[in-house]
Number of protein chains: 2
Amino acid sequence: MASYYSQEVHGPYHMINIGRLELAEGGVIENCELAVATRGTLNADKSNAILIPTWYSGTSKIMEQVYVGPDHALDPSKYFIVIVNQIGNGLSTSPHNIGGTLGGPNFPKVRISDDVRAQHRLLTEFFGITSLALVVGGSMGAQQTYEWAVRYPDMVKRAAPLAGTACNTEHDFLFTETLEEGITTDPGFRDGRYGTAVDVAVGLRRHAEMWTVMGWSTEFFRLNRHQALGFASADAFVEGFMVPYFAPMDPNNLLAMAWKWQRGDVSLHTGGDKAAALGRIKAKVFVMPFSTDMFFPPSDCLAEQALIPNSAFRPITTVDGHLGLFGTDADAIAQVDLNLRELLALPA
Amino acid sequence: MASYYSQEVHGPYHMINIGRLELAEGGVIENCELAVATRGTLNADKSNAILIPTWYSGTSKIMEQVYVGPDHALDPSKYFIVIVNQIGNGLSTSPHNIGGTLGGPNFPKVRISDDVRAQHRLLTEFFGITSLALVVGGSMGAQQTYEWAVRYPDMVKRAAPLAGTACNTEHDFLFTETLEEGITTDPGFRDGRYGTAVDVAVGLRRHAEMWTVMGWSTEFFRLNRHQALGFASADAFVEGFMVPYFAPMDPNNLLAMAWKWQRGDVSLHTGGDKAAALGRIKAKVFVMPFSTDMFFPPSDCLAEQALIPNSAFRPITTVDGHLGLFGTDADAIAQVDLNLRELLALPA
């Protein structure tokens, strides 16, 4: 059986070494490798590039499967689509694969801003791209999308943060903390010095169960969406989908991403002034929360959208909650496509 | 220091032995003791009795402090108010105090319906009450309120379920499961054979953190309600309020209540037919969800209210989520009072 973090499971992708990456928190990754999947062709004036960053626990694979294709707004026949796996996700440089003294629990703290600077180097130095027609991502991908729009306002022409915020909320921080503690309080975790993910199975199960509660929605279960997805009961859904989804993942990888997720905050650019940070954005922005999202709720996203100059609030109606991002509700994805087509049609 | 489960902390209450209680799941409690707090005086025709059952982790004390008094609808100068602590809550017969072979992890499974039958015996045999002007309770107290109205439709004249459902949802079941597993997967729990709650401190902390995430709401933290309650940060709120609140509680007591909570379901009376069960209710019912409740959301409560003959949907607007039940939002309690006064003024 192929290893979980492999080309067989998540490929094809390219491994690109962007060199030494100095991190916001003071650490250094000497040879930072980014796993990058591309679709389509860069046009002559390099104006058709779209960047897609990835979310917590996800890879480039699900972004390709759910959001990219000839039937989608993100159409490779029109655009050059670059999907960059975030640092720590298991494909790019991560706790489980960096090796040496920085491996496992010694992996340096990486922030959303570090990912965005790494991606900027990748795009400018390796692809010669200096303008992005669109940055679009969900959840932690939305955090990176916002960071891109604030940090490189002249480069990002359009931005579409899905089911995520520019400044992580305290409630969201606490939710993520329960996920982390679910893992780290497993005695098998051994302060990150476990043998394999199997040693932390109890912790990963707790983590999966909390994702089940907060990741979908009350309506999802009331309307028996889990049955529509092929599971006879909520328990079968947990055992057959949620637990197996997370079980093969490396706990230290998840924790590196969780730490980063908790601290996503564009107002670090402006001494904590959220309005000033979001006011820097020059991109045209469609803010797209998912209507039943329990931890990036529309109300939090609306409060941010109001601070972004050229923006519109475009909530996606779905009962599938945050994990509607997985593409379980085809109608939600159709709404995303409709909005992205409209956004892409706006003059840069 | 007084023991947590004591008159000093939660009294005054009376311990009343209602005798042998045969349980729905097949177990038996030979000498079932109910901890009962009363306020006011029963009138001559015994028509002014109000019953208040208790919620998960709560006792009669908080119901008295938040909902009962001369300034509230539940006014002891008008009504005889009987607050009955649920079985397993630590004051009434519970895993930690039953002693003998049924103690701790061997405590028999108790259902909402068992509590309601026990309370019925208490009211009819010890107080000679055959008519209830009102049954009102929050959360698991709402589950008992619904069970009362369906099981004894002629006895219950009015019913006010706050922030709870008649039939527990699958989503709510899963949430409660994360609470249970947070506790039971602590190695110190030792299958329920721990020494004291301190041995299960890690599990109780996980349990408290999940309550923090789901018990309040995203808006609660966005609007800095935790600061208004006197805590400088969300972390301080967790450490200073949520963790200490649950820390002294007996884990087996909590698990007995959690098991019961998960299975609250009036449709057991009618072979699973929810509409038929709720259709039996003769009481006038005000269904009062809390607007930002993350696990008994208004949408679930509205679906049930539509099936109750003489009912009205009266959501309570608050940003404090489910734990607004604690009385943290005075305006929410004022709304409850307003509705209860209107309900109590309706002819029986």
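Chain B and chain A bury about 2800 Å² between them, and 62% of that area lies on carbon and sulfur atoms. Keep in mind that this is a predicted model. Why start with an area? The size of an interface is often given as the accessible area lost when the parts come together.

**Where the chains meet**

On the chain B side, 34 residues are in contact with 34 residues of chain A. Three of them, B:Glu170, B:His171 and B:Val213, supply 21% of the area that chain B buries against chain A, more than any other three residues.

Here are some counts for this interface:

| Feature between chain B and chain A | Value |
|---|---|
| Salt bridges | 2 |
| Residue pairs in polar contact | 10 |

Five helices of chain B, namely α5, α6, α7, α9 and α12, each supply at least two residues of the side that touches chain A. Which helix gives the most to that side? It is α6(B), with 8 residues. Sorted by class, the residues of this side of chain B are 14 nonpolar, 10 polar and 10 charged.

For a salt bridge you can look up yourself, find the side chains of B:Arg222 and A:Asp300, which meet at 2.5 Å, N to O.

**A helix pair inside chain A**

Now turn to helices α5 (residues 170-184) and α6 (residues 201-215) of chain A, whose axes come within 6 Å and cross at roughly 150°. An angle over 145 degrees counts as roughly antiparallel, so α5(A) and α6(A) are roughly antiparallel to each other. Among the residues that meet here are A:Phe175 and A:Leu179 in α5(A), and A:Met210 and A:Trp211 in α6(A). By class, this contact has 7 nonpolar, 5 polar and 1 charged residues.

Terms used. Residues are numbered from 1 along each chain as its sequence is written. Chains are lettered from A and ligands numbered from 1 in the order in which they are written. This is a predicted model: local features need pLDDT of at least 70, side-chain atom pairs count only at pLDDT 80 or more; totals for chains, interfaces and linings use all residues. Side-chain values use heavy atoms; hydrogens and water are left out. Axes are lines fitted to C-alpha atoms, for helices over the stretch in contact, and angles run from 0 to 180 degrees between N-to-C directions. Helices (H or I, at least four residues) and strands (E, at least two) are DSSP runs, numbered from the N terminus. Angles under 35 degrees count as roughly parallel, over 145 as roughly antiparallel, 65 to 115 as roughly perpendicular and the rest as oblique. Contact means heavy atoms within 4.5 Å. Ala, Val, Leu, Ile, Met, Phe, Trp, Tyr, Cys and Pro count as nonpolar, Asp, Glu, Lys and Arg as charged, and the others, Gly among them, as polar. Buried area is the accessible area (1.4 Å probe) that two parts lose on being put together, summed over both. A salt bridge is a side-chain nitrogen of Lys or Arg within 4 Å of a carboxyl oxygen of Asp or Glu. A polar contact is a pair of N or O atoms within 3.5 Å; within protein, one must be able to donate a hydrogen and the other to accept it, and residues adjacent in sequence count only if both atoms are side-chain atoms.
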